[in-house]
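Subject: Structure handover

Hello,

The structure you asked to take over is below. My notes on what was found in it follow.

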Amino acid sequence: MSPRIFRLVKWYLQFNSTSKKFLHENTYEKAKRFFELNTALIQTARDKAVEVLKSFERNKKDDSILRLKRISVRFDKRCYGFAKTTNVLTPYWLTLSLNRRKRISLPIVFGEKQKQRIEEALRGEWSFTTVEMVKRNGEWYAHFVLRKNVELIDDPETVIAIDRGKRNLAVAVAVSENNPDKPMKGQFWRGEEIKRVRGLYSHIRRKLQGKKLLKKVKELKGREKYKVNQQLHIIANQIIEYVKQFPKPVIVMENLNGIRRNFKKSRKLNKRFHSLPFRKLQAIIEYKAILEGIGVKYLTKRETKNTSKTCHKCGYVARIKGRTFKCPRCSLTYNRDLNAAINIAYALTRRMGWGSCEPPKPADEGIGVKPTLNAGSSLLQ
Ligand SMILES: [Zn+2]
């Protein structure tokens, strides 16, 4: 099946053209005659060839030779069907139509999670869009792209800020519309297991590199990535559960594109820690939240300014040292990561115009009882 499409991609590459128009006008009829594939697949192969050539031109060095290592072919809805059968080998069969007469059916084996999702799709909870066939290490993989329409909560009542911390992978806090001055239920995710996995694998890699087992090293990289990813999903699920305990929640996070907060990078321990994959976690949180109908907002660069240095009670911008935020103006003493998260939540409540979320001016400085909070994976209120 797909070998024919690959031959067609290669065939297109020999024209050495990145112009779809040129290729269409000069080659379409021939391609149709030689390869007997339907129009959509011919287009797919042509576009793939253009894409491959463009990326080759962008990245080539003087002595580069274009080689096709891994290629994927996308089938849109017109070109495939998917059905559940009573076949004993596997009930799931993918039928690709290559042209008007020729179809091929392929048995598909799913992992447990994928099976659940595809069953949902077969029940109509998701709609099928494209399927992408990829050959990797001699085996074929089918990537199904599914679509779901979800309705997001449009009048949120609780803002939940999720931030990376200095010493935690993630920290969350909630601010309710009814009582915005009283942040609720701060929670921390330390990412210990990720740190452990990373430490372990970097140790093994160092040992192997001495012996120059590069292939093995590469393999381990893949396994490490898989394990870290697994942990990120577990943590993201816990965060979504946390979020769902509040009425009509909306999530707010820092936009990390192009922003790097000034953490000191000198110490070795810190270095490993700072590579904790919060960005990846954000992406997972975002799609899991949206599936639950929970909106996700990001702060603008301006809104993000000083979130870690500002006192969430009085608005004073202070210098911070260590794990605790101490406000020299109103003498608030607070967990540093949690203070930053509250400021992120307030940036959104301000945007939404909830109550007076401007930090109040303290009437009498230095008076009053200050809350003291300690870090830990615990609830605060
Ligand atoms: Zn203060």
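To begin with charged pairs, Glu120 and Arg117 are joined by a salt bridge between their side chains, at 3.6 Å from N to O. A salt bridge here is a side-chain nitrogen of Lys or Arg within 4 Å of a carboxyl oxygen of Asp or Glu. Helix α4 (residues 112–122) holds both Glu120 and Arg117, three residues apart, which is about one turn of the helix. Helices (H or I, at least four residues) and strands (E, at least two) are DSSP runs, numbered from the N terminus. Glu120 counts as buried because its relative accessibility is 18%, whereas Arg117, with a relative accessible area of 35%, is partly exposed. The cut-offs are under 20% relative accessible area for buried, over 50% for exposed and in between for partly exposed (1.4 Å probe, protein chains only).

Before the rest, some notes on the source. This is a predicted model, in which local features need pLDDT of at least 70 and side-chain atom pairs count only at pLDDT 80 or more, while totals for chains, interfaces and linings use all residues. Residues are numbered from 1 along each chain as its sequence is written, and side-chain values use heavy atoms, with hydrogens and water left out.

By the salt-bridge rule, the count comes to 17. One of them pairs Arg196 with Glu193, with the closest N and O atoms 2.9 Å apart. Arg196 and Glu193 are three residues apart in helix α5 (residues 192–211), about one turn of the helix. Arg196 is partly exposed at a relative accessible area of 47%, and Glu193 also counts as partly exposed, at 31% relative accessibility.

Another salt bridge joins the side chains of Lys248 and Asp155 (3.1 Å, N to O). Lys248 is in the loop between α6 (214–244) and β10 (249–253) and Asp155 is in the loop between β6 (139–147) and β7 (158–163), so this pair ties together parts 93 residues apart in sequence. Lys248 has a relative accessible area of 34% and is partly exposed; Asp155 counts as partly exposed at 40%. Lys20, Arg46 and Asp47 are linked in a network of salt bridges.

Arg46 is also among the buried residues of α3, which include Leu41, Ile42, Val50 and Phe56. Helix α3 (residues 39–59) has 21 residues and reaches 30 Å from its first C-alpha to its last, close to the 30 Å expected at 1.5 Å a residue. The expected span is 1.5 Å times one less than the number of residues.

Next, the metal site. Which residues coordinate the zinc ion? They are Cys311, Cys314, Cys327 and Cys330, each through SG, at 2.3 Å. Donors are N, O and S atoms within 2.8 Å of the metal (3.2 Å for Na, K and Ca); water is not among the atoms, so sites may look incomplete. Along the chain, the donors follow the spacing C-x2-C-x12-C-x2-C. Cys314 lies in the loop between α9 (301–304) and β12 (324–326), and Cys330 lies in the loop between β12 and β13 (333–335), 16 residues apart. Both Cys314 and Cys330 are buried.

Last, Thr95 is in strand β3 (residues 92–97). The side chains of Thr95 and Ser105 are joined by a polar contact of 3.1 Å. A polar contact is a pair of N or O atoms within 3.5 Å; within protein, one must be able to donate a hydrogen and the other to accept it, and residues adjacent in sequence count only if both atoms are side-chain atoms.

Regards
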